[in-house]
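Biologist: I have the coordinates open and would like to go through them with you. Could we look at the structure together, one topic at a time?

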Amino acid sequence: MILNSSEGPAIRDQGIGCPQGSCSGPALWSLVANEILQDTWLENTAIQAFADDFVIVSHAPTKIKIENQIHATIEKFINWINKNKLQISTGKTQYILFSKLTRPPRIRWQGETIQRKYTIKYLGLLIDDKLNWNAYLRNLPTKSFTLYQNLLKITVKTGDFPLNSEECCTRL
């Protein structure tokens, strides 16, 4: 990578990824990601991304058709990854099925089975396979309590908040 500085061009070998913390990092990533996001996909299949989190969405009437669509899409995605020398954490890769199929599809990433989940967290939001928001609503008290505990750590010196969670709960 060549960057112009007041002392002339600065050369830095950038083997993988975008330069972390740089002003140009997001723009460089957008240039790379736009290629795959603007590509043409199979019918009833799309890819979406937020920063470096990608999601593949596909719809088909049968288990075999959904497996074929997803596997073709994954192969195309793998080709893009290899071309751009990127890496994907297959351990964090999951899928969720919104269907009443009796036998779910078997989704694989280069021979490794992708784990099916009944609830996934995407961009901080819990989504369940029934699309009824129960998982998200069940998690709200825990999330709220954790946020409160973090606020306590920050504000305990000022005395603006109660000193422990029991005090908080009796005041609510």
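**Helix, core and loops**

Modeller: Glu 67 is found in helix H2. Please keep in mind that this is a predicted model.

Biologist: Is Glu 67 in a salt bridge or without one, and which side chain of opposite charge is nearest?

Modeller: Glu 67 is buried and has no salt bridge. The nearest side chain of opposite charge is Lys 63, at 4.1 Å.

Biologist: Leaving out residues up to four places away in sequence, what does Glu 67 touch?

Modeller: Pro 105 and Arg 106 are the residues that Glu 67 touches on that basis.

Biologist: Turning to H2 as a whole, what span should the helix have, and how far apart are its ends?

Modeller: H2 has 21 residues, which at 1.5 Å a residue should span 30 Å. Its end C-alpha atoms lie 30 Å apart, so the two values agree.

Biologist: Which residues of H2 are buried, and what do they pack against?

Modeller: The buried residues include Lys 63, Ile 66, Gln 69, Ile 70, Ile 74, Phe 77 and Trp 80. The buried residues of H2 pack against H1, S3, strand S4 (53-58) and strand S6 (108-109).

Biologist: How many residues are in the largest nonpolar core, and which have the most contacts inside it?

Modeller: That core has 18 residues, and those with the most contacts inside it are Ile 36, Ile 74, Phe 77, Trp 80, Ile 107, Trp 109 and Ile 114. Helix H1 (25-37) and helix H2 (63-83) are the elements that give it two or more residues. H2 supplies the largest share, 7 residues. In general terms, nonpolar side chains tend to be buried together in soluble globular proteins.

Biologist: What is Ile 36 in contact with, leaving aside neighbours within four places in sequence?

Modeller: Its contacts are Trp 41, Ile 47, Phe 54, Lys 76, Phe 77 and Trp 80.

Biologist: On to the backbone: which residue with a positive phi follows H2?

Modeller: Lys 85 follows H2, with a phi near 55°. Most residues other than glycine have a negative phi.

Biologist: Where is Asn 44, and what is its phi?

Modeller: Asn 44 is in the loop between H1 and strand S3 (45-50). Its phi is positive, about 65°, although the residue is not a glycine. Its relative accessibility is 43%, so Asn 44 counts as partly exposed.

Biologist: And Leu 131, buried or exposed?

Modeller: Leu 131 is exposed, with a relative accessible area of 55%. Leu 131 lies in the loop between strand S10 (125-128) and helix H3 (134-155), and has a positive phi of about 55° without being a glycine.

Conventions: Residues are numbered from 1 along each chain as its sequence is written. This is a predicted model: local features need pLDDT of at least 70, side-chain atom pairs count only at pLDDT 80 or more; totals for chains, interfaces and linings use all residues. Side-chain values use heavy atoms; hydrogens and water are left out. A nonpolar core is a set of buried Ala, Val, Leu, Ile, Met, Phe, Trp, Tyr and Cys residues joined through side-chain atoms within 4.5 Å. Buried means under 20% relative accessible area, exposed over 50%, partly exposed in between (1.4 Å probe, protein chains only). Helices (H or I, at least four residues) and strands (E, at least two) are DSSP runs, numbered from the N terminus. Contact means heavy atoms within 4.5 Å. Lys and Arg count as positive and Asp and Glu as negative; His and the chain ends are not counted. A salt bridge is a side-chain nitrogen of Lys or Arg within 4 Å of a carboxyl oxygen of Asp or Glu. The expected span of a helix is 1.5 Å times one less than its number of residues.
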